[in-house]
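Please read the following points with the sequence and the model open beside you.

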Number of protein chains: 2
Amino acid sequence: MGGGDALLPVEPVFLKSLRDHVYGLVRDAILSGRLKGGEKLNERHLASQLGISTTPLKEALRVLEAEGLVRSEPRRGIYITFNAGQAEEMMLARAALESMIARQAAKRVKDEDVALMRELIVEMRAGLETVDVLQLIALNERFHNVIHEASGCSYLRRLQGGQNIYTHAARLSVLSEERERFLAVEEHEAIANAIAAREPDLAERLMRDHVIRSGEKHLLRV
Amino acid sequence: MGGGDALLPVEPVFLKSLRDHVYGLVRDAILSGRLKGGEKLNERHLASQLGISTTPLKEALRVLEAEGLVRSEPRRGIYITFNAGQAEEMMLARAALESMIARQAAKRVKDEDVALMRELIVEMRAGLETVDVLQLIALNERFHNVIHEASGCSYLRRLQGGQNIYTHAARLSVLSEERERFLAVEEHEAIANAIAAREPDLAERLMRDHVIRSGEKHLLRV
DNA sequence: ATCTGAAATTTGATATATCAATATGCGCGA
DNA sequence: TCGCGCATATTGATATATCAAATTTCAGAT
């Protein structure tokens, strides 16, 4: 991950506030469809159901509202707004942001980043043989992370992260297809080449098309 | 704005919750530099300074954290993270999202939208003579709004709105330049033509370049 | 049967109190 | 003088209480 903290062997991951925990729970419930679009949330009920007070729940709901998953009508209540259309728009947002990141990466990439990308491409191609899907998912993530690092765009990266809505199950399902694995590696390699060649326009276009194409595959699994 | 509510002559704009009000206050303070990057916020102090309790303030801070303007370290405090680099990245995010919206608009635009855009272009060109900058700002906003409506992408639009950080003063200053007014109209016309011609790739590229070029002008005024 | 409106209820918004982790200050010993 | 450790103060996190807007209920009139 990001630079710094080289002295810390582990992160204090066990310290997670209630509001963060609740945020994750409600977000998953919405994205997985257990809380459906249009549904109204009752703060008191939900809080007691979760065994907490309303304060951390309200904070979590504010975050979800800022992300556009719920909408709060003042003095009335909170309604789930997430639906299939928004899922597609979030995929498009991801494409827009990820491709802008790729563009910046193509401008600022260092030779060591290029080397890293190439290594990952080799690993991915090797992974085409094996069918260890979990490994491939991890490789994909590492590949995109290298580009993020190379871009130096921490804010864009963060904003992009908020558009991730695919479940682990959907990822597993998509990468289980032989053809999808092949396409992914092809596209990743083309993107890596564009960035290595310092061609921002090309890198941006390839990344956009890659995210949209693969995103549409994912959206079908929901 | 969006359809519906045709029966209501006015919106109950006066009903704004404390948390929304406070959110706007703190956001402005950060963007205008009155609260500087790195600074720590004290919840109790800030709340009493604003004459409110900590509950609505905490909610406002959660939203600002979701937007990436502040960062909360659990059990430690809240720190302003906004700085010049992030301002530039927010401009890039705007470019990425706005250009994706333009792309979608070029796919779905209706003839009536095209007519609206052309009307606005005519008004803008007329506005080149007069120096009513406030009018020009309003026209610019309406032009972009027409594209947003045409795209049908409510989520992208909303996400894009969160990347607006230019102050009114900066807008005034930028559009006071003769050359900038000319460029803006030229670029708007080219974008309108691309959308009218249903050319998504072109519309996307022109919009991106427009937002980045004009954004860099704005960033200089901060 | 339907509409009206006032009372009762629900519920989001806000304020206050409590808890616990972190930071701070100070005295002691090396 | 410099660490070290404990007592104290600070403060974010959470829980609870209160307020007020909005909804619901239902009696009474038409």
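This is a predicted model: local features need pLDDT of at least 70, side-chain atom pairs count only at pLDDT 80 or more; totals for chains, interfaces and linings use all residues.

1. Residues are numbered from 1 along each chain as its sequence is written, and chains are lettered from A and ligands numbered from 1 in the order in which they are written.

2. In chain A, three strands form an open antiparallel sheet in the order E1-E3-E2, where strands (E, at least two residues) and helices (H or I, at least four) are DSSP runs numbered from the N terminus, and two strands pair if DSSP finds at least two bridges between them. Strand E1 (40–41) and strand E2 (70–73) of chain A are at the edges with a single partner strand each, so one side of each has no neighbour in the sheet.

3. E1(A) pairs with strand E3 (residues 77–80) of chain A over two bridges, in the antiparallel sense; A:Lys40 has A:Tyr79 as its bridge partner in E3(A).

4. Between the chains, 26 residues of chain B are in contact with 26 residues of chain A, contact meaning that C-beta atoms, placed from the backbone, lie within 7 Å. H4(B) gives the most to the side of chain B that touches chain A, with 10 residues.

5. Around DNA strand C there are 20 residues, and among those that come nearest are A:Glu43 and B:Leu18; a residue is near if its C-beta atom, placed from the backbone, lies within 6 Å.

Terms used
Two residues are in contact if their C-beta atoms, placed from the backbone, lie within 7 Å.
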